[in-house]
Amino acid sequence: MKSISVHILRDCSAVGGGASRGRAFSYRFTRKSNQTRLSFPNLITTSYGFKSCSATLSVVAEVEEKPKFDVHKTALLVKELRKSFNSGRTRGYEWRVSQLKSIEKMIDEKEKEITEALHKDLSKPELEAFISEISQAKSSCKLALKELSYWMIPKKVKTSLTTYPSSAEIVSEPLGVVLVISTWNFPFLLSLDPVIGAISAGNAVVLKPSEIAPATSLLLSSLVEEYLDNSAIRVVQGAVDETTALLEQKWDKILYTGSARVGRIVMAAAAKHLTPVTLELGGKCPAVVDSNINLQVAVRRIIAGKWACNNGQACIDVDYIITTKEFAPKLIDSLIYELEQFFGKDPMESNDISRIVSSSHFARLVKLLDEDKVSDKIVLGGQRDENQLKIAPTILLDVPEDSLIMQEEIFGPLMPIVTVENLEDSFEVIKSKPKPLAAYLFSNDEQLKKDFVQNISSGGMLINDTILHVATDGLPFGGVGESGMGSYHGKFSFDAFSHKKAVLYRSFDGDASVRYPPYTPKRLRLLKALISGNIISIILALIGWSKD
Amino acid sequence: MAAEEESRVVDAKAAARLVKGLREAFGAGKTRSYEWRVSQLKSILKMMEDREQDIAEALRSDLAKPELESVVYEVAMLKNTCTMVIKKLKHWMMPEKVKTSMTSFPSSAEIVPEPLGVVLVISPWNYPFLLSLDPVVGAIAAGNAVVLKPSEIAPATSALLAKLIREYMDNSLIRVVEGAVAETSALLEQKWDKICYTGNGRVGRIVMAAAAKHLTPVLLELGGKSPVVVDSGINLQVATRRIIAGKWACNNGQTCVAADYIITTKDYAPKLLDSLKHELEKFYGKNPLESKDLSRIVNANHFARLTKLLDEDKVSGKIVHGGERDKPNLKIAPTILLDVPRDSTIMNEEIFGPLLPIITVEKVEDSVDIINSGTKPLAAYLFTNNKKLKEHFVMAVSAGGMVVNDTVIHLAVDNLPFGGVQESGMGAYHGKFSFDAFSHKKAVLYRGFGGDVPVRYPPYTKGKLRLMKALISGSILGAIFALIGWSKD
């Protein structure tokens with residue numbers, strides 16, 4: 001299921017006809033989750049065979065008509081951008097601000113088009129599109145515009161006695177030409193947010209949006225062309241071939257959002273050019289629920305961080321719940337009640353919930369549900385509509401720990417509840433898995449909160465709510481271990497795309513010959529004293545005394 | 001298994017066992033406490049005080065390093081770092097409070113530094129003591145378990161480090177593995193939570209590719225051709241002495257931030273050359289091959305590499321000072337070359353030895369293009385009194401770090417990050433940056449159950465959308481309109 005070999009892929013393209021994809025390539029790509037997902041004009045392939053998939057790929061035909069993007073062309077593109085970067089145009093404050101303002105303007109003017117593209121790709125409800133994508137991108141822009149002149153100022157730092165007299169500063173400089181590979185679940189925000197960081201820091205940038213959200217990919221391409229300086233900011237649309245061609249180039253930074261499997265491929269490709277990477281990956285984000293809480297508020301917030309967040313298709317969505325055996329029935333009752341309040345008696349008909357992005361992801365989720373030891377654990381939901389790619393909010397109780405659904409990132413509307421005797425036992429459950437991108441705790445117990453923060457390692461953490469920590473600009477957004485490396489958001493985005501150059505200034509005065517050969521014992525004593533900053537020893541050494 | 005045996009991990013299996021043991025010990029939580037970290041740092045301090053002579057001797061055996069250079073650049077620098085870390089650690093470990101936004105009101109937020117886990121430090125032979133322990137100090141300060149793999153090219157120091165760490169440190173969490181390629185490969189196959197490698201770009205690529213398999217972040221301290229631009233109108237004697245200090249008096253040029261080549265104007269070159277010759281003689285005497293104040297070349301391979309650079313056809317005629325060599329003693333005299341062709345090997349590889357080419361240009365401003373035509377160096381130096389030139393240099397030249405009117409000593413400023421860019425490396429350490437390099441910055445947001453706003457939740461009505469838009473844009477009037485059900489649309 002996880003892998004599909006290159007020759008199968010070639011076979012597909014032969015069957016599919018439309019695009020010529022005969023060229024060998026070395027990487028197999030997926031977006032988010034371990035599922036193989038490749039788009040073709042008429043065919044989509046999974047391990048189940050071929051399925052027609054006009055619903056998800058309605059726009060791909062247009063994308064495919066674009067001329068094929070090969071390595072040579074990609075190299076030319078990078079060369080062109082490097083030339084622009086070297087000319088210095090992206091370095092000025094004015095250029096950066098003008099581009100950020102253009103993005104702001106673009107979002108204001110094209111809000112409707114963006115909302116429509118998101119609806120097309122994911123049936124994303126308008127309010128979700130607005131809150132979690134459009135307004136977030138806009139606020140990133142606003143913050144950068146407000147703070148940029150301050151961020152760009154070299155930071156003065158104190159110097160030491162060893163280098164006296166001197167002054168020192170840390171100068172932020174752009175890295176050069178950077179690549180942003182974004183993903184399909186928040187295809188607008190997760191494309192533009194890193195681009196905003198790259199521009200703020202003064203880089204030239206290529207954005208490669210996900211082919212799995214084709215409408216948004218196409219829109220981004222045309223909007224960037226229309227609104228931004230194309231000599232330094234470009235969009236490359238495409239799938240595996242294009243990404244492979246891009247990854248062969250030398251970049252000064254790559255920011256990739258997606259799965260750990262592809263993250264490894266990106267980092268290995270980056271290693272060839274010593275390119276630093278920021279990898280925003282995912283993981284199984286747990287929500288631990290204590291019994292002493294305001295249950296209604298907690299439940300609503302859990303729903304907001306699962307089904308009301310792209311129907312579970314977000315890297316920081318709640319993946320599973322851990323609660324006590326005792327409290328589980330109450331929690332489930334409340335979840336069932338609130339879900340009905342939110343999405344009605346028949347959630348399959350609700351317009352307020354995104355659909356599953358593609359039929360291969362639909363198949364992957366169904367497989368998780370239909371596993372033998374799992375299928376009888378469903379306590380709510382389970383309905384599915386393959387034609388519309390919809391799965392109802394589904395809750396499962398006490399699925400076995402060795403089931404697929406507890407081993408893989410779910411990335412969809414399925415929510416297993418794991419029960420433990422004591423809530424503290426949840427720590428072991430979480431620690432037995434790779435470090436997640438987020439960890440949530442609902443509790444009023446101060447000691448438990450403290451222990452949770454102390455003992456659980458995750459990219460970020462939120463106590464008594466979900467998701468909202470990524471809307472806090474002062475907090476870095478990034479994973480650890482399997483959930484990623486590096487971080488961005490707010491000032492951290494600027495830093496992620498900057499080199500922090502250490503600069504020390506000295507004058508010709510105050511030259512101490514003690515540094516220079518020939519090395520005498522006296523010089524040795526004095527230097528040791530100078531470096532340790534021990535004034536008494538310095539004086540002793542200077543007047544020729546020794547403590548030794 | 002005794003720690004002594006394990007300091008030689010020959011195969012991947014043994015390496016896996018070692019890492020498993022450390023991971024279990026890390027999991028037990030011992031490294032997280034402030035007390036453990038400080039106790040280990042204090043042990044390092046004590047070790048350096050007790051064993052300064054042993055260390056200096058090992059460095060002499062490996063590199064004929066002059067005692068002053070050993071004691072000052074390796075031991076004293078490290079002691080200084082330890083003392084500073086012990087002083088600051090409590091402060092660094094405190095979560096950093098950050099402001100929250102209206103979107104999450106009411107709430108509080110902090111960034112909590114936490115250890116990454118089990119980390120690997122692979123160190124080089126040129127400052128085999130400092131560059132081994134400096135990252136280890138950072139790793140310990142941040143609360144990690146750590147394996148140090150010192151360079152086999154400085155065998156005396158490697159053996160000493162293995163012995164000292166066994167003797168002074170908590171071996172359930174801090175270990176040395178000695179060895180060469182086979183051992184390093186076995187180590188690189190393991191899953192680490194961070195790898196800090198100091199060395200060259202070729203191996204840096206290998207380290208990063210190996211790290212990619214486990215999604216391990218890397219800190220790569222590499223090198224490059226660090227230029228020195230010399231303007232006229234300066235205090236020439238001071239400048240010259242500082243250039244010598246940053247080349248020959250720095251492990252005889254075998255330093256990643258050593259001056260690799262000089263750029264000056266055609267007019268000024270003769271004066272600079274005279275001054276260099278004069279000061280070199282004052283420092284190392286008439287016969288520098290006899291001087292005890294110069295390190296030797298580390299081994300026969302590097303000696304051969306350096307003589308090859310010198311003996312290249314288009315280069316050998318350009319020697320204007322030095323050039324003497326003593327193969328049995330692995331010594332090469334301070335050597336200056338004038339106007340070597342830009343396409344010669346010596347101008348395309350990092351020299352890492354006592355050879356110093358001088359490139360001349362018409363105008364000193366032309367130096368910027370020469371530097372930018374190469375890969376980004378780990379350091380760039382400029383000697384000038386011209387304020388405009390300084391500003392232009394800092395702006396237009398990209399390098400890991402920079403010093404104006406001196407060399408090398410930016411590394412002694414704890415508040416400056418030490419790290420390269422592009423070919424000269426990625427990531428940085430020193431001072432607080434070392435703590436950061438080995439920490440994960442966990443973002444933590446705290447909320448209460450009060451103040452829950454139903455506008456976030458489905459079903460999504462037009463009214464909710466309007467209110468949300470108003471709230472997020474911070475328009476109070478819009479929010480009020482939306483709340484009372486009016487619309488401006």
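This report covers salt bridges in a predicted model.

The count comes to 54 salt bridges over all chains.

| Pair | Closest N and O atoms |
|---|---|
| E482(A) and R264(A) | 2.6 Å |
| D370(A) and R384(A) | 3.0 Å |
| K65(B) and E74(B) | 2.5 Å |

**E482(A) and R264(A).** These two residues form a salt bridge, with the closest N and O atoms 2.6 Å apart. The pair links distant parts of chain A, 218 residues apart. E482(A) sits in the loop between β18 (460–463) and β19 (484–485). R264(A) belongs to helix α10 (residues 260–271). E482(A) counts as partly exposed because its relative accessibility is 24%. R264(A) is also at 24% relative accessibility, so it counts as partly exposed.

**D370(A) and R384(A).** This salt bridge has its closest N and O atoms 3.0 Å apart. D370(A) lies in helix α13 (residues 359–370) of chain A and R384(A) in strand β13 (residues 384–385) of chain A, so the bridge ties together parts that are 14 residues apart in sequence. At 40% relative accessibility, D370(A) is classed as partly exposed. R384(A) is at 34% relative accessibility, and therefore counts as partly exposed.

**K65(B) and E74(B).** In chain B, K65(B) forms a salt bridge with E74(B). The closest N and O atoms are 2.5 Å apart. Both K65(B) and E74(B) are buried.

Some salt bridges share partners. They join R301(A) and D465(A) with R447(B), D452(B) and R456(B) into one network.

Terms used:
Residues numbered from 1 in each chain as written. Chains lettered and ligands numbered in written order. Predicted model: local features only at pLDDT ≥ 70, side-chain atom pairs only at ≥ 80, totals over all residues. Heavy atoms only, no water. Salt bridge = Lys/Arg side-chain N within 4 Å of Asp/Glu carboxyl O. Helix = DSSP H or I, 4+ residues; strand = E, 2+ residues; numbered from the N terminus. Buried < 20%, exposed > 50% of the residue type's maximum accessible area, 1.4 Å probe, protein only.
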